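Please keep the sequence and the model in view while reading.

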Amino acid sequence: MSDGGVALDFPMFGDPVPIEPDAGTLRLLARRRSSSAQGLGEPGPSAEQLETLLRLAVRVPDHGKLAPWRFVIMPKASKASLLEALGRIAEGQPEPDTARAKLAKLAAAPVSILVVSRIDPGSKIPVWEQELSAGAVCMTLLIAAQAMGFGANWITDWYAYAPEGQKLLGLGEHERVAGFIHIGTPAEAPLERPRPDPEAITTYWAG
Ligand SMILES: Cc1cc2nc3c(=O)[nH]c(=O)nc-3n(C[C@H](O)[C@H](O)[C@H](O)COP(=O)(O)O)c2cc1C
């Protein structure tokens, strides 16, 4: 299995998976940055790279092995009728101009991956944990996309929450948008943003 450049050694079920340091991952995490969704252009990931991204994403922690998520792949060419329909729905939103303008984020990216959280309400695994797992899927996609050299951004926007938007996106009962992961090549390198100081939000357990 390869992402088009790097051979990836996906383990088979039951294989030993030794824990090893990886300086490259640490370097990437130290500099990981979302790219402006509107500024994403070609090239986007190839079909092979997309397949690799999904294989990496489903490796997230998942209490109860419920796989409480699914993907909808949206190549740019497939988005036209969705964007048109969302444009009509935007007119009924509290701030139609803003709602319409936000569609640029969905329109620009060569590929958007819609990550749908699909919880099992009857499971003994708490819903919160099922939803957290969908967040982990989104985060893994962001990291993996950047590791392949792409810009990416995790966006929800109003149509993830508007009932008409959810219907258009084909969400079923117990399903919610965890995020659109927009992926492509950034028009320009993003600038670093302010980051929280870990010390300010960290205490040591008194014991
Ligand atoms: C669940 C979730 C939903 C988000 N939805 C939006 C959104 O709708 N619009 C937006 O501008 N940013 C949204 N963001 C924030 C972007 O991902 C933002 O660009 C990112 O936090 C930038 O910081 P980074 O460089 O640390 O990734 C969302 C983030 C998360 C975690």
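**A guided reading of the chain**

Of the 207 residues of the chain, 26% count as buried; a residue is buried if 20 or more other C-beta atoms lie within 10 Å of its own, exposed if 12 or fewer, and partly exposed in between, with C-beta atoms placed from the backbone. The model is a predicted one, in which local features need pLDDT of at least 70 and side-chain atom pairs count only at pLDDT 80 or more, while totals for chains, interfaces and linings use all residues. Residues are numbered from 1 along each chain as its sequence is written.

Six helices and five strands make up the secondary structure. Both kinds of element are DSSP runs numbered from the N terminus, helices being H or I with at least four residues and strands E with at least two. Their order from the N terminus is α-β-α-β-α-α-β-α-β-α-β. The chain has a radius of gyration of 18 Å, close to the 17 Å that the globule rule gives for 207 residues, so it is as compact as a globular protein of that length. This radius is taken over C-alpha atoms, and the rule is 2.2 Å times the number of residues to the power 0.38.

Helix α5 covers residues 127-147. At 1.5 Å a residue, its 21 residues should span 30 Å, and the end C-alpha atoms are 31 Å apart, which agrees; the expected span is 1.5 Å times one less than the number of residues. Among the buried residues of α5 are Q130, A134, V137, C138 and L141. The buried residues of this helix pack against α2 (47-57), β2 (69-75), β3 (111-118), β4 and β5 (175-186). Just after α5, G149 takes a positive phi of about 95 degrees.

One of the strands named above, β2, contains M74. This residue is partly exposed, with 19 other C-beta atoms within 10 Å. Leaving aside its neighbours within four places in sequence, M74 is in contact with K79, V111, S112 and L114, contact requiring C-beta atoms, placed from the backbone, within 7 Å.

The ligand remains to be considered. Around the ligand stand R33, S34, N153, W154, I155, T156, D157, G179 and R193, a residue being near if its C-beta atom, placed from the backbone, lies within 6 Å. Strand β4 (residues 151-155) gives the most to this shell, with three residues. By type, the shell divides into two nonpolar, four polar and three charged residues. Here Ala, Val, Leu, Ile, Met, Phe, Trp, Tyr, Cys and Pro count as nonpolar, Asp, Glu, Lys and Arg as charged, and the others, Gly among them, as polar.

Note on methods:
Contact = placed C-beta atoms within 7 Å.
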